[in-house]
Amino acid sequence: ALLTRAGRAAGYAGDPAKRVYQRPRPFVTDNSITPCIPDEPALRESFSYPSGHAALGFSWALVLAELVPARADALIERGRDFSWSRVVCGVHYPSDVETGRTVAAAAVARLHADPDFQRELAAAREELAAAYPN
């Protein structure tokens, strides 16, 4: 539930900017790029900036790093790798991904003011403590 909440908050937070900037995806403007995910009309017609998938993945990394501080560096690195895969796959520019990460950080920071999120965070900590006792 916690990751779903964080992912949705971050993944959709960039939508207003997408509507304003309407940046075409790299493979749409450059025929030499073949996306590594299915080139479907919905993907082709959606916009690139900022990357919602990068925001989603990086928000997960931020939350998990908070829950498991001993693994924070590895989790943040994995979040960066996840978001960068959007560039490797030809569906985003580097600036789309970097802005997606910034959107994620802002969305997760905002979630910390939400009492429901705080309860879910506490529940996740308890669940992890029970699953991985010291």
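This is a predicted model: local features need pLDDT of at least 70, side-chain atom pairs count only at pLDDT 80 or more; totals for chains, interfaces and linings use all residues.
1. **The disulfide.** A search through the whole structure turns up one disulfide. The link of Cys36 and Cys89 is right-handed, with 65 degrees about the S-S bond. The two cysteines belong to distant parts of the chain, 53 residues apart: Cys36 sits in the loop between helix H3 (26-29) and H4, and Cys89 in the loop between H6 and H7. Cys89 has a relative accessible area of 15%, so this residue counts as buried, the limit being under 20%.

2. For orientation, the chain has eight helices and zero strands, and its pattern along the sequence reads α-α-α-α-α-α-α-α. Taken along the principal axes, the box filled by the C-alpha atoms is roughly 55 × 25 × 20 Å. The chain has 134 residues, of which 36% count as buried. Looking at contacts between residues at least 6 apart in sequence, you will find that 74% join residues at least 24 apart.

3. **H5 against H6.** How do the axes of H5 and H6 cross? They come within 8 Å of each other, at an angle of roughly 175 degrees. H5 is therefore roughly antiparallel to H6, as the class takes in angles over 145 degrees. On the H5 side the contact is made by His53, Ala54, Leu56, Gly57, Phe58, Ala61, Leu62, Leu64 and Ala65. H6 contributes Ala72, Leu75, Ile76, Gly79, Arg80, Phe82, Ser83 and Arg86. Sorted by class, this contact of H5 with H6 has 11 nonpolar, four polar and two charged residues.

4. The structure holds two aromatic pairs. In one of them, the ring centres of Tyr21 and Tyr49 are 5.4 Å apart and the ring planes stand at 85 degrees, so the pair is edge-to-face. Tyr21 lies in helix H2 (residues 15-21), while Tyr49 lies in the loop between helix H4 (41-45) and helix H5 (52-67), so the pair ties together parts that are 28 residues apart in sequence. Tyr21 is exposed, at a relative accessible area of 55%, whereas Tyr49 is partly exposed at 21%.

5. **A tilted pair.** Why is the pair of Trp60 and Phe82 tilted? The planes of their rings are at 55 degrees, with the centres 6.4 Å apart, and edge-to-face would require planes over 60 degrees apart. Trp60 belongs to helix H5 and Phe82 to helix H6 (residues 72-88), so this pair ties together parts 22 residues apart in sequence. Trp60 counts as partly exposed at 31% relative accessibility, and Phe82 is partly exposed too, with a relative accessible area of 27%. Phe82 is also one of the residues of H6 that make the contact with H5.

6. **A cis peptide bond.** Please have a look at the backbone around Tyr49 as well. The peptide bond that runs from Tyr49 to Pro50 is cis, with omega near -10 degrees. Pro50 has its place in the loop between H4 and H5. Tyr49, for its part, is a member of the edge-to-face pair with Tyr21.

7. Is Asp96 buried or exposed? At 0% relative accessibility, Asp96 counts as buried. This residue lies in helix H7 (residues 94-111). Setting aside neighbours within four places in sequence, Asp96 is in contact with Arg23, Ser48, Tyr49, Pro50 and Ser51.

8. **A positive phi.** Another backbone value to check is phi of Gln22, which is near 45 degrees, a positive value in a residue other than glycine. Gln22 lies in the loop between H2 and H3. Gln22 is partly exposed, with a relative accessible area of 45%.

9. **Ala13 and Gly52.** Ala13 and Gly52 are 39 residues apart in sequence, and their C-alpha atoms are 7.8 Å apart in space. Ala13 lies in helix H1 (residues 2-13) and is partly exposed, with a relative accessible area of 41%.

Definitions and conventions
Residues are numbered from 1 along each chain as its sequence is written. Side-chain values use heavy atoms; hydrogens and water are left out. Helices (H or I, at least four residues) and strands (E, at least two) are DSSP runs, numbered from the N terminus. Buried means under 20% relative accessible area, exposed over 50%, partly exposed in between (1.4 Å probe, protein chains only). Contact means heavy atoms within 4.5 Å. Rings of Phe, Tyr and Trp (its six-membered ring) pair if their centres lie within 6.5 Å; planes under 30 degrees apart count as stacked, over 60 as edge-to-face and the rest as tilted. Axes are lines fitted to C-alpha atoms, for helices over the stretch in contact, and angles run from 0 to 180 degrees between N-to-C directions. Angles under 35 degrees count as roughly parallel, over 145 as roughly antiparallel, 65 to 115 as roughly perpendicular and the rest as oblique. Ala, Val, Leu, Ile, Met, Phe, Trp, Tyr, Cys and Pro count as nonpolar, Asp, Glu, Lys and Arg as charged, and the others, Gly among them, as polar. A disulfide is a pair of cysteine sulfur atoms within 2.5 Å.
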